[in-house]
Amino acid sequence: MSSPDELARDTPPPYKRRRTGDTPSPGSSSPDVRPSQRGRGLSLSQSPSQSPSQSPSPTKERHLDDFSPSQSPSRPPSESVRRPRSASSSQSTTRSRSRSPARSTRSPTRTPRSRHRSRSPASTDQSRADSFSPERRPPTPPRAPPRPNYRARLALHGHAKAVSQVRIAPNGRFIASASADATVKIWDAATGAHMDTLVGHMAGVSCVAWTPDSNTLASGSDDKAIRLWDRVTGRPKTTARKSAGQEMAPLRGHHNYIHCLAFSPKGNILASGSYDEAVFLWDVRAGRLMRSLPAHSDPVSGIDFSRDGTLVVSCSTDGLIRVWDTSTGQCLRTLVHEDNPAVTNVCFSPNGRFVLAFNLDNCIRLWDYVSGSVKKTYQGHLNQKFAIGGCFGVLDGEAFIASASEDGDVILWDVKNKEVLQRVRGHEGVCFWVDVHGETMATAGQDGSIKVYRHVRRADEAHEDGTGSHSKPPSQGMLRGELPIRQDDIKLEDA
């Protein structure tokens with residue numbers, strides 16, 4: 001395994017994906033209830049002649065009138081509805097029952113009554129109930145969750161140079177793209193219409209990030225500045241306190257290129273990583289620096305917040321992944337692999353219990369940051385030279401992993417069994433970034449284009465017109481294995 005210094009001599013730094021054709025910075029480096037218990041007497045399908053030991057005595061027979069029709073199997077259908085008994089009727093009933101059992105046996109009216117007992121409605125209903133009892137009901141097979149099946153739908157053109165990053169707004173309605181042409185563009189995610197171009201940076205834009213309300217966009221550039229934009233107006237965000245209504249100045253403080261950005265879940269804190277090897281935490285409302293973390297010894301290449309906002313994770317081409325306490329700035333955990341490959345992107349899992357790291361050794365690793373161990377390693381894509389990115393995707397509560405690849409494709413993995421669920425053809429050249437929001441997926445490429453994909457459910461494939469990037473679904477060999485796991489119940493064994 002090559003050391004980071006050897007990578008620095010043989011391969012261009014990972015930020016080159018952001019700045020195609022530029023010269024790298026000198027200080028940077030490479031990157032059970034039984035049926036017999038249902039009644040107190042005989043079973044509804046059993047007659048007294050079949051079970052003499054259970055036949056009721058004449059004394060107990062007088063109490064059968066107290067049961068409802070559905071509970072008395074000896075009651076014929078003609079007696080299923082009665083008027084309230086009077087005293088005279090009660091006496092006549094007692095006299096009739098005091099007769100000898102032999103006379104009642106020779107009575108011609110007893111035979112049809114016994115036939116009616118075997119075909120009583122109560123017996124039929126109970127038989128139906130028994131057939132659907134939990135003991136006899138066949139087990140229901142588990143419902144198979146949807147497999148990712150993304151098809152190309154839109155190709156967005158407008159940037160003059162390579163697109164370094166693309167992000168879908170949290171509401172799923174907008175797409176923001178950052179480009180080496182120093183602009184940020186906003187697109188309609190449903191139609192692909194170009195909505196706005198944000199101009200203000202003096203050099204290539206490497207990264208963008210959305211606030212949770214999808215109304216504010218942050219952009220980081222090689223001009224060492226971070227700008228906050230109002231999506232509605234397309235102008236820089238205005239201040240909220242002093243001199244309200246005035247445009248907010250760019251956030252300055254980093255001494256080198258801005259490489260990565262992330263908003264906290266509440267949208268009040270912005271984290272930035274730079275080639276100056278530091279992580280900055282910014283107060284978005286006040287537009288000022290809150291805390292500076294001397295995080296790494298090489299450029300900070302990825303950053304993300306946990307879903308509750310209490311943790312920040314950062315990574316660097318020095319091979320280290322560090323987890324920070326947001327409120328105190330204390331480093332809680334440092335993760336490092338034995339091979340120490342450069343790490344170019346990092347993000348928390350949807351349940352916040354794992355960290356996904358993208359490395360320059362063609363591997364993506366899922367870390368348990370509490371125990372400090374690697375749980376899963378995903379392979380199948382190409383990543384040796386550029387700082388490419390990916391994320392977790394969720395379909396109907398089932399999580400999967402999506403990553404860009406240097407061969408232009410997008411690869412989707414099953415989180416648990418590490419199988420490739422789908423390979424999507426993306427761009428001509430390097431695919432730098434992929435972002436997933438439900439059934440929408442967007443990618444950014446070295447060819448200067450943004451591509452939008454839609455998830456097509458398997459039941460609807462017969463109605464497709466074949467205009468997607470794949471005219472056939474993935475092979476069955478790619479779909480074998482365990483089902484994807486839920487985003488809030490990720491339990492993994494060691495790889």
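Which strands form a hairpin with 5 residues between them? The strands are S14 and S15. Gly309 sits in the turn and has a positive phi of about 80 degrees. Strands here are DSSP runs of E with at least two residues, and helices are runs of H or I with at least four, both numbered from the N terminus.

This is a predicted model: local features need pLDDT of at least 70, side-chain atom pairs count only at pLDDT 80 or more, and totals for chains, interfaces and linings use all residues. Residues are numbered from 1 along each chain as its sequence is written, and side-chain values use heavy atoms, without hydrogens and water.

S14 and strand S15 (residues 311-316) run antiparallel and are joined by 5 bridges. Two strands count as paired if DSSP finds at least two bridges between them. Ile303 stands opposite Ser314 in S15. S14 is largely enclosed by the rest of the structure, because 6 of its 6 residues are buried. Buried means under 20% relative accessible area, with a 1.4 Å probe and protein chains only.

Now the wider chain. It holds 7 helices and 28 strands. Of its 495 residues, 48% are buried. Its accessible surface is about 24,200 Å² (Shrake-Rupley method, 1.4 Å probe). Carbon and sulfur atoms account for 48% of that surface.

Next, an open sheet. Its 4 strands follow the order S10-S11-S12-S13, with antiparallel pairing. S10 and strand S13 (288-293) are the edge strands, each pairing on one side only. The twist averages 25 degrees from one strand to the next, taken between N-to-C directions of axes fitted to C-alpha atoms, on a scale from 0 to 180 degrees. S10 is joined to strand S11 (residues 269-274) by 5 bridges. Phe263 has Leu270 in S11 as its bridge partner.

S10 and S14 also reach a pocket. Along with S2, S6, S18, S22 and S26, they each supply at least two residues of the lining of the second largest pocket. A pocket is an open set of points on a 1 Å grid with protein on both sides within 12 Å along at least five of seven lines; lining residues have an atom within 4 Å of a point. This pocket has a volume of about 1,100 Å³, the space filled by probe spheres set on the points. It is lined by 41 residues, with Arg167, Asp304, Phe305, Cys391 and Asp435 nearest its centre.

Finally, the largest cavity, where a 1.4 Å probe fits but cannot get out. About 50 Å³ of space lies in it. Its lining includes Arg227, Pro236 and Met248.

Conventions: Buried < 20%, exposed > 50% of the residue type's maximum accessible area, 1.4 Å probe, protein only.
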